[in-house]
Amino acid sequence: MERQATETPAKIRDMVMRERHLAVSEREWKHRLRGYGYAIRDTAEGRFVTSLLRGAPICQLT
């Protein structure tokens with residue numbers, strides 16, 4: 001939990017995108033992110049990385 005509080009949104013976005021490049025499919029990518037405590041939420045405003053614990057958006061993916 002502390003790890004998320006100390007990481008910046010830019011570092012989290014970089015990690016999420018790195019994991020996307022390593023994953024074979026979108027399903028695998030989302031599964032890998034769950035292991036880090038993150039999820040992807042699709043909204044009308046775009047895709048956001050969210051915290052599984054709080055459900056709050058952390059950063060937007062472009």
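How many salt bridges does a search of the whole structure find? The search finds five, a salt bridge being a side-chain nitrogen of Lys or Arg within 4 Å of a carboxyl oxygen of Asp or Glu. The model is predicted, so local features need pLDDT of at least 70 and side-chain atom pairs count only at pLDDT 80 or more, while totals for chains, interfaces and linings use all residues. Residues are numbered from 1 along each chain as its sequence is written, and side-chain values use heavy atoms, with hydrogens and water left out.

Helix 2 covers residues 9–22; helices (H or I, at least four residues) and strands (E, at least two) are DSSP runs, numbered from the N terminus. Its 14 residues reach 20 Å from the first C-alpha to the last, close to the 20 Å expected at 1.5 Å a residue, where the expected span is 1.5 Å times one less than the number of residues. I12, M15, V16 and E19 are the buried residues of helix 2. They fall within an arc of 100° seen down the helix axis, so they line one face of the helix; the arc is that of the directions from the axis to the C-beta atoms. Buried means under 20% relative accessible area, exposed over 50%, and partly exposed in between (1.4 Å probe, protein chains only). D14 and H21, on the other side of helix 2, are exposed. The cover over the buried residues includes helix 3, strand 1 (38–43), strand 2 (46–51) and strand 3 (57–61).

E19 has a relative accessible area of 5%. Not counting residues up to four places away in sequence, E19 touches W29, R32, L33 and Y36, contact meaning heavy atoms within 4.5 Å.

R32 belongs to helix 3 (residues 26–36) and is partly exposed, at 28% relative accessibility. A polar contact of 2.5 Å joins its side chain to that of E19. Such a contact is a pair of N or O atoms within 3.5 Å; within protein, one must be able to donate a hydrogen and the other to accept it, and residues adjacent in sequence count only if both atoms are side-chain atoms.

R32 also forms a salt bridge with E28 (3.3 Å, N to O). These two residues are four apart in helix 3, about one turn of the helix. E26 and K30, also both in helix 3 and four residues apart, meet in a salt bridge of 3.7 Å, N to O. Another joins R47 and D42 at 2.7 Å, N to O. E26, K30, D42 and R47 are linked in a network of salt bridges.
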